[in-house]
Amino acid sequence: MSRFERVRGRLRRAYESGRHSVRAGGSRPADAPEQQEQPARAAVASPESPGPVAPPTATVVGAPPPAAMHASTASRDDADVPHALRIAAAWSWRLIVVGVVAWALLRIVGTISIVVIPLAIALLLSALLAPAVGWLLRARFPRSLATGVVLVGGLAAVVGTLTLVVNEFVRGVPELSDKSSEGVRQIQNWLKTGPLHLSDTQLDRYIDEAQGWINDNTGRFTSAATTTAATLAEVLTGTILVLFATFFFLRDGSRIWRFLVRLLPVAARWKVDDAGRASWATLGAYVRATVLVAFIDAVGIGIFLVIFDVPFAFPLAALVFLGAFIPIVGAALSGGVAVLVALVDSGPVTALIILGAVIGVQQLEGHVLQPLIMGRAVAIHPLAVIIGIAAGVVLAGITGALVAVPLIAVLNTAVRRLAARTVPDTPPDAVVVASQAP
């Protein structure tokens, strides 16, 4: 066979093989999907019979799915930490930051307390006197004149009350000192003949111990008096600051508030303005309700003091009035002073009657006056009141106790308004620009 014939035979066999494959593909079209599925089946492996080589896209049957990455996680390590632990850690470091900021604010306030305390008192006085200024403004008084008249009138009322209290106290001190000696002798006789049956030796020992305690603490009392004398200038400076701040709060309070609101971002101004005005209304209602409750307490206890001819009836009633500004505990402590005076002056029977009067007035305040008057102004749980007063006493003494409850009331209103989903009303001085229709 020649070389040419061998090449022709190879070409013919190749041609016949091609025709056969074409005929097979046209006669069995259903075989194509099975042939296409073979690579996909080859890509599936099993842990029991793994293939020799699995492509990167192979699916392992029976293997656990990979851990899903949460949107809040930055790495696979965060995804391995339990969700509850991550939430607790997030809350913890945020609370630590808030605590550090609060601690820094308290330190700053403590450093400049000589300025902060007068401003807080000025705010309380402004909330109390603001309605009187509004009445004079509606009567066509100039704003500065109306503010001056109200401030001078309030200052005159305070000075007049203090003058009456001091004069009555000075007149009654000699008589009270004589009766106090007699009262001490009565107490000694009761200790001897009463249920305790103390002997003269025991009484002398207790008296000597009390006298020794006084002698040991004389230096402390003297230093306290010296400190009080040294802080007289600070008290005078604080009083002047209270007067000036009250005057300008009453006259320019709205303008000062608008200036402060404009310092905030535009998106937050309306919300903060709404919360601030609601808090100011709450503060004013709280102060006026407290004054009314304190006046009723002072009148109720003062009537019993006058009926039973207890000395210093007016000063003691004034003390009850001032003490009632500290809710729950203030009127009780000031009423206790009245009971002690009645005990020294008129004996245990009158003291028990005055004690019953103080308890009755406290019950009237707690069950009738507080829900009826104070409940309309601000609703604060008694536990929050007690905790606030205790914290205020620890941080700032008597002034902290006076300011603690109003501060809680204001913060309660502000937080509620800021957390509300409602859109505040449009301020009266707002300018609304509407787009024209095309």
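Arg416 lies in helix H14, which spans residues 382-419. In this predicted model, the residue is exposed, with a relative accessible area of 60%. Its C-alpha atom is separated by 8.2 Å from that of Ala275. Along the chain, Arg416 and Ala275 are 141 residues apart.

Among contacts with a separation of 6 or more, 65% join residues 24 or more positions apart. The chain has 438 residues, and 24% of them count as buried. Its secondary structure consists of 14 helices and two strands.

Confidence was examined next. The mean pLDDT of the chain is 75. A value of 70 or more is reached by 67% of the residues. Over residues 29-49, the pLDDT is below 50. This stretch has eleven contacts in the model beyond near neighbours in sequence. Where pLDDT is low, predicted coordinates should not be read in detail.

The packing of helices H9 and H10 was then described. Two packed helices are described by the angle between their axes and the distance between the axes. Helix H9 covers residues 232-262, and helix H10 covers residues 266-307. Their axes come within 10 Å and cross at roughly 145°. The crossing of H9 and H10 is right-handed. On the H9 side, the contact involves Trp257, Arg258, Val261 and Arg262. On the H10 side, Arg269, Val272, Asp273, Gly276 and Arg277 take part. The residues of this contact divide into three nonpolar, one polar and five charged.

One member of this contact was considered on its own. Asp273 is placed in helix H10. The relative accessible area of Asp273 is 13%, under the 20% limit, so the residue counts as buried. Leaving aside residues up to four places away in sequence, Asp273 touches Trp257 and Val261. Both of these partners belong to the H9 side of the contact.

Helix H6 runs over residues 143-193 and contains Lys192. Lys192 counts as partly exposed, at 33% relative accessibility. The C-alpha atoms of Lys192 and Gln202 are separated by 9.8 Å. These two residues are ten residues apart along the chain.

Backbone angles were inspected in two loops. Arg140 is in the loop between helix H5 (113-138) and H6. Its phi is near 75°, a positive value in a residue other than glycine. Arg140 is exposed, with a relative accessible area of 78%. Asp309 is found in the loop between H10 and helix H11 (313-323). The phi of Asp309 is near 55°, again a positive value in a residue other than glycine. At 62% relative accessibility, Asp309 exceeds the 50% limit and so counts as exposed.

Terms used
Residues are numbered from 1 along each chain as its sequence is written. This is a predicted model: local features need pLDDT of at least 70, side-chain atom pairs count only at pLDDT 80 or more; totals for chains, interfaces and linings use all residues. Side-chain values use heavy atoms; hydrogens and water are left out. Axes are lines fitted to C-alpha atoms, for helices over the stretch in contact, and angles run from 0 to 180 degrees between N-to-C directions. Helices (H or I, at least four residues) and strands (E, at least two) are DSSP runs, numbered from the N terminus. A crossing is left-handed if the near helix is turned anticlockwise from the far one by less than a right angle, and right-handed if clockwise. Contact means heavy atoms within 4.5 Å. Ala, Val, Leu, Ile, Met, Phe, Trp, Tyr, Cys and Pro count as nonpolar, Asp, Glu, Lys and Arg as charged, and the others, Gly among them, as polar. pLDDT is the predictor's confidence in each residue, from 0 to 100. Buried means under 20% relative accessible area, exposed over 50%, partly exposed in between (1.4 Å probe, protein chains only).
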